[in-house]
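Here are some quick notes from going through the model you sent over. Have it open alongside while you read.

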Amino acid sequence: MTILPKKCPICGKPRHAEHAPFCSTRCKDRDLVRWLDDGYALPGPPAIDEEADKA
Ligand SMILES: [Zn+2]
């Protein structure tokens, strides 16, 4: 299988090591806000953290 380069889950751009797994702090903040919104809206938000998914 071909290992595809990780992309920013927010905008799809190549992610930046400094802001991994996002491309920038802007997308980082956007994801955080979205995650919090989901947390409030749903009783059991799905685990979407790729670190946890790996383990
Ligand atoms: Zn991004």
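1. Let's start with cysteine 27. Leaving aside neighbours within four places in sequence, cysteine 27 is in contact with Cys8, Ile10, Cys11 and Phe22. Contact here means that the C-beta atoms of two residues, placed from the backbone, lie within 7 Å.

2. Before going on, a word on the ground rules. This is a predicted model, where local features need pLDDT of at least 70 and side-chain atom pairs count only at pLDDT 80 or more, while totals for chains, interfaces and linings use all residues. Residues are numbered from 1 along each chain as its sequence is written.

3. Is cysteine 27 buried or exposed? Cysteine 27 counts as buried because it has 20 C-beta neighbours inside 10 Å. The cut-offs: buried is 20 or more other C-beta atoms within 10 Å of the residue's own, exposed is 12 or fewer, and partly exposed is in between, with C-beta atoms placed from the backbone. Over the chain, buried residues make up 9% of the 55 residues.

4. Now the overall fold. The chain has two helices and zero strands; these are DSSP runs numbered from the N terminus, H or I over at least four residues for helices and E over at least two for strands. Take the contacts between residues at least 6 apart in sequence: 3% of them join residues at least 24 apart.

5. Proline 9 belongs to the segment before α1. With 16 other C-beta atoms within 10 Å, proline 9 is partly exposed. Not counting residues up to four places away in sequence, proline 9 touches Pro21 and Asp31. The C-alpha atoms of proline 9 and cysteine 27, 18 residues apart along the chain, are separated by 8.4 Å.

6. Aspartate 31 is partly exposed, since 16 other C-beta atoms lie within 10 Å. Beyond four places in sequence, aspartate 31 touches Pro9, Ile10 and Phe22. Its C-alpha atom is 8.3 Å from that of proline 9, 22 residues away along the chain.

7. One for your backbone checks: which peptide bond is cis? The bond from alanine 20 to proline 21 is, with omega near 5°. Most peptide bonds are trans. Proline 21 is placed in the segment before α1, which spans 25-41.
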